[in-house]
Number of protein chains: 2
Amino acid sequence: MKQDDRAIGIFDSGLGGLTILKEVHALLPRENLIYFGDTAHVPYGSKSKETVTEYSLNIARFLESKKVKLIIIACNTASALALSAVKKHTKAPVLGVISPGAKCAVNKNKGGKVAVLGTEATVKSKAYVKEIAKLDKKTEVKQYACPLFVPVIEEGILNGELLDLVINKYLAPLKKMKPAAVILGCTHYPVIKKHISRILGGKTLLVDSAEETAKEAKKLLTEKGLLKQNGKGKIEIYASDSPARFSKLAVNIIGGKKPKVKENRFYI
Amino acid sequence: MKQDDRAIGIFDSGLGGLTILKEVHALLPRENLIYFGDTAHVPYGSKSKETVTEYSLNIARFLESKKVKLIIIACNTASALALSAVKKHTKAPVLGVISPGAKCAVNKNKGGKVAVLGTEATVKSKAYVKEIAKLDKKTEVKQYACPLFVPVIEEGILNGELLDLVINKYLAPLKKMKPAAVILGCTHYPVIKKHISRILGGKTLLVDSAEETAKEAKKLLTEKGLLKQNGKGKIEIYASDSPARFSKLAVNIIGGKKPKVKENRFYI
């Protein structure tokens, strides 16, 4: 059987994409993974298409220098704004997180209402609305920007009154809409999934793009014959700024011990 | 009398420094002001000294190209991490926000306890602790990082239960410390000053670096004979990303109508 030891490159503006790294590692434990968190420019969610594209292309170049066999844009904002630019400038196949999440929401919920929770930039791009329309024109989609979710999660507020107030603030309009599925359209959000579910009432399907993207990555590598068949996968993590802080906060996202994080600066 | 029409350059990572622009304009209404908000890299508060210095030097170069007669670093994080580097590379005099705030806290409160509220990076730099020690060794200083204040203010949450919970979260240890003065060590914080004061109990002196820095700027320009003596000052605002968003959010900081904001990109 064909064997491909090259790593999968995964990147995000910061920590959130680690939820995807975790799922990919769980599903494909033999694969070597290289993660890049762009902490010198985090967050992307409030920035423009031009700026997010510039940052994403720089990271893709870095990952290509590491000879990756697949690039996963583990960030909804960068997937929404920069996927086509990264695909155009990159030889390796590129996977975003929008399409897997949209597919799941539509397949499990044909014709029903779908709500998308995301950053300001993801909502403004209408990426999920367009992607869902391609799959099923009948699905009604509404988007809700939730700018406080990321800072609250990065501050380690993972339960309690303050978190509930913030969730309630953004979910109040969803209670009227009564969607059949809610897409967690930012890689940080799965961390507070159970609280979102509880506040929504527990019957709504929550689509976690981390799981869906990991499945899509496995499918793509299998189809192209690019899987690594033997051994245990190694994980390498880079951050463009403050690697020690990144390592400390990573625990809020993926649990466990503080991972080793290398610094790689290439701005200016 | 000598007359100097050149503008005062003021910069911040984003919107917060507008509180300083407002005070400088109120105190020196004849002066032309050029404001630069580095929205392509905001926030600075969670980034490293190297990165914040690089961004600050780029902005200082831009302001010098506009022939400013004074640069005000209207950002506590950049003042704490990059003031000496900017001074070294710039011909115009440079004023940070740390020293004016520290002076005020010490002068009005000799020997008493002082609490500093700031971003992670400002707290880590110990800039206020060092500055206060230079002025008065007896003053006891404690620092508290308040990472959620900036995103909450930028989200327009300027009163109510959620804001109170966030303030209470960070101010709980201050209630035990009972400081005589609290320095609002981030240019965003004056926006929620009355709520901080209410939750502290109303007797504590709150030091607003915006007012103090404006006074210091007036003193410096007067001493150097650099004041503009006639006419009405013009305000020019630049942002390195998303000028329309900047203009919209500026209203949360300085009130009034949406200001005109020009775009100036100079990253990579």
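Trainee: Through which surface do the copies meet, and why?
Mentor: The copies meet through the same surface, because 100% of the interface residues of chain A are also interface residues in chain B. The model is predicted: local features need pLDDT of at least 70, side-chain atom pairs count only at pLDDT 80 or more, and totals for chains, interfaces and linings use all residues. Residues are numbered from 1 along each chain as its sequence is written, while chains are lettered from A and ligands numbered from 1 in the order in which they are written.

Trainee: How many residues of chain A are in contact with chain B?
Mentor: 20 residues of chain A are in contact with 20 residues of chain B; contact requires C-beta atoms, placed from the backbone, within 7 Å.

Trainee: Which helix of chain A gives the most to that side?
Mentor: α8(A) gives the most, with 5 residues. Helices are DSSP runs of H or I with at least four residues, strands are runs of E with at least two, and both are numbered from the N terminus.

Trainee: Turning to strands, do β7(A) and β8(A) pair in the parallel or antiparallel sense?
Mentor: β7(A) (residues 181–185) and β8(A) (residues 205–208) pair in the parallel sense over 4 bridges; pairing needs at least two DSSP bridges. Ile183(A) stands opposite Val207(A) in β8(A).

Note on methods:
Contact = placed C-beta atoms within 7 Å.
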